[in-house]
Amino acid sequence: MRDVIVIGAGGGGPVVAKELVAKGLDVLLLEAGPRHANPRQEWTTFENDANNPLTGYFRLGRTDRSKPAWFREWSQNSFVWQLSGVGGTTQHFYGNYPRAYPGVFRGYDGADRGEYDVDHRFPFSYSELVPYFEWVEATAPVQTAAMGTKEQVFFRGCETLGLPVQTTKTTRGPSYRPQENAILQPGGNAGKTTDKDLLVHPAATGCTFCGYCFQGCMRPIGAPRNQFAKRSTDNSYVPMALTAEVWAPDGRPVELITDAYVTEVHTESRDGALTATGVTWRDNVSGDSHREDATVVVMAGGCTENPRLWLNSGLPNPNDWVGRGYTDHFFDWMIGSFDDDTGTPKGVGSSARLDFPPYGGLENVGLPPALNAFATTLSDSGIRGQYTNGRGMTGPWDGPAGRLMGPELKELVAGGLDRLLSVLVITDDDVEPDNRVTLSALPADENGPIPKVSFQHRERTARTTRNREFMARKAAELLRGAGAKKVYRIDWAPLILHVQSSMRMGESEATSVLDSNAEARGVRRLFIADNSALANGLGGPNPTLTSQALATRTAEKIFQRYFGGDPWVRSEAPVVSTDPRVSVRLAQLGL
Ligand SMILES: Cc1cc2nc3c(=O)[nH]c(=O)nc-3n(C[C@H](O)[C@H](O)[C@H](O)COP(=O)(O)OP(=O)(O)OC[C@H]3O[C@@H](n4cnc5c(N)ncnc54)[C@H](O)[C@@H]3O)c2cc1C
């Protein structure tokens with residue numbers, strides 16, 4: 001009998017695991033995918049080897065890449081970009097760590113308070129979450145991003161929009177700024193040379209500007225795992241959870257089992273209340289099933305797999321909100337072409353942002369070549385000049401929205417990536433019940449019926465559509481202001497990489513799955529601690545910091561409610577995940 005079982009070692013699960021092992025609890029962390037214990041042997045900088053969603057080392061699937069990836073059904077033009085493995089989807093992420101906008105929380109009284117998704121606010125105030133933001137920001141740690149040429153070009157455009165520079169972590173209004181990100185700042189030789197012999201730890205620390213954030217961060221060469229630059233959870237929270245006995249006075253290490261797919265959450269009736277008692281997990285390698293019991297179960301399998309596991313376990317769904325309200329920031333992609341060098345493929349993927357509450361935000365994004373080609377083709381508006389699917393919006397960009405072909409495409413790429421600047425349009429989208437996860441009617445896989453992701457993307461709410469159009473215009477103005485010769489709008493189909501709120505907490509029992517402690521309304525001792533617990537799309541900011549702040553708060557609630565513990569976030573100083581005691585212990589463990 002365990003104290004706590006955590007399902008999923010992605011963005012959220014390891015946070016709960018790390019916080020609770022530090023308090024001496026016996027925590028089992030079950031991860032469906034692989035553990036890349038030796039990235040320098042297992043990873044490459046070849047895009048297809050890393051990112052191919054069927055066969056790449058970053059995919060949704062088991063360790064054995066000769067076996068097929070796990071299938072999900074999505075019947076509309078879209079792409080669901082989630083990974084399995086220790087680190088989950090944070091293995092791909094860019095580490096941008098803005099806080100949610102205050103306007104999405106209960107009690108917000110700003111002049112624009114009616115402009116947000118007011119029916120789906122967080123059931124507590126922004127100030128309630130601030131100590132947890134600060135805790136994660138100190139732990140990860142979150143720092144001001146290292147910048148380069150592409151950020152200079154982006155800021156040149158921002159300056160023409162008449163907005164102020166933001167200087168606080170709380171976004172109070174339209175403004176622009178360097179990202180606050182979970183990537184260690186360059187130190188020593190890092191950022192000063194491209195000579196790889198000089199970019200070796202400890203002569204180089206933090207980000208070496210290699211430009212391969214996407215393929216998994218394994219630099220600086222020679223650094224201990226907990227000091228790799230990008231703070232995906234495989235480099236930050238998981239090493240801490242594995243070594244808690246060395247850095248926490250009462251700590252004990254987490255037990256981490258990978259290739260362990262949880263197929264059922266067990267419950268029983270206790271004192272008239274349905275209560276979680278444990279899980280069954282399946283070993284991907286042997287096919288054997290194992291049962292484990294626990295005082296508390298925490299689901300952190302992500303926005304698509306949590307609803308699937310819930311429904312496959314036959315857990316109650318009385319208001320039919322399990323899987324509903326899947327928000328995705330209804331992204332769009334704008335490209336500017338320039339005469340001068342934009343530095344797009346170099347350095348940290350995205351180090352500059354513009355926030356425009358309550359509409360959303362913009363960030364510059366540098367991608368490696370194959371992903372850049374993918375990003376310019378995922379259009380809902382067809383091929384420019386050929387057909388528009390009834391969309392092909394016009395505005396301050398060149399011609400109708402859509403993907404490019406022929407001479408226009410050749411002209412765009414002729415100067416190479418160094419002549420382009422791409423801007424991600426991030427929309428504050430509404431929680432919409434019809435954007436959802438259900439069980440697919442397609443054949444089940446070895447872990448049970450598979451999930452189906454449905455998007456009513458052509459019929460978004462009027463507010464979501466307005467927000468996206470507003471931000472796309474701002475992106476075009478920014479690119480023109482920065483000096484772009486041509487500006488193209490792709491009109492992306494739903495690209496599910498910021499995904500939130502499919503098992504949302506909320507003020508109303510009628511439209512939420514979780515209460516304000518992130519405990520399931522219908523199942524005691526069952527908590528959710530990842531993006532799916534978020535109440536809404538946060539106003540547009542990238543979700544992981546808010547998810548991890550909430551997961552920290554949830555860990556504290558679990559400790560207080562079921563283990564008689566005291567809260568700690570306001571009374572203790574966080575230990576940073578780069579703690580040298582962690583490196584030493586990892587080396588002893590051969591990790
Ligand atoms: C290209 C890209 C860039 C991004 N950049 C940013 C960024 O800059 N900033 C930001 O904030 N966010 C970013 N994100 C989003 C970020 O990755 C997510 O917010 C974060 O990973 C979500 O964490 P999660 O725990 O909800 O889900 P995940 O990270 O997807 O983790 C879920 C884990 O649970 C496991 N799992 C699922 N079901 C089971 C089961 N039944 N049994 C056992 N294990 C299970 C999965 O294998 C997975 O490892 C980016 C995403 C992508 C794809």
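The sheet comes first: six strands form an open arrangement in the order β5-β14-β15-β16-β13-β19, with antiparallel pairing. Strands here are DSSP runs of E with at least two residues, helices are runs of H or I with at least four, and both are numbered from the N terminus; two strands pair if DSSP finds at least two bridges between them. β5 (175–178) and β19 (486–489) sit at the edges with a single partner strand each, so one side of each has no neighbour in the sheet. On average, neighbouring strands are turned by 20° against each other, direction ignored. The axes behind such angles are lines fitted to C-alpha atoms (for helices, over the stretch in contact), and angles run from 0 to 180 degrees between N-to-C directions.

This is a predicted model, in which local features need pLDDT of at least 70 and side-chain atom pairs count only at pLDDT 80 or more, while totals for chains, interfaces and linings use all residues. Residues are numbered from 1 along each chain as its sequence is written, and side-chain values use heavy atoms, with hydrogens and water left out.

Helix α5 (residues 149–159) lies across β5, β14, β15 (360–364) and β16 (420–427), and runs at about 30° to β14. Another helix, α10 (residues 406–414), packs on the sheet too, touching β13 (332–337), β16 and β19; contact means heavy atoms within 4.5 Å. The direction of α10 makes about 115° with that of β19.

Now for the ligand. There are 34 residues around it, of which E31, T89, N96, N531 and T544 come nearest; a residue is near if one of its heavy atoms lies within 4 Å. By class, the shell has 14 nonpolar, 17 polar and three charged residues. Ala, Val, Leu, Ile, Met, Phe, Trp, Tyr, Cys and Pro count as nonpolar, Asp, Glu, Lys and Arg as charged, and the others, Gly among them, as polar. β10 (260–270) and α8 (302–312) each supply at least two shell residues, and the largest share, three residues, comes from β10.

As for individual atom pairs, a polar side-chain atom of T89 is 2.6 Å from a ligand oxygen. Polar backbone atoms also show up: that of A32 is 3.1 Å from a ligand nitrogen, and that of A300 is 3.4 Å from a ligand oxygen. The protein covers 95% of the 990 Å² of accessible area that the ligand has on its own (Shrake-Rupley method, 1.4 Å probe).

The H201 to P202 peptide bond is cis, with omega near 10°, and P202 lies in the loop between β7 (187–188) and β8 (204–205). R219 and P220 are also joined by a cis bond, with omega about 0°; P220 is in the loop between β8 and α6 (237–242). D259, a residue other than glycine, has a positive phi near 55° and lies in the loop between β9 (255–257) and β10.

How values were computed: Polar contact = N/O pair within 3.5 Å; in protein donor to acceptor, adjacent residues only side chain to side chain.
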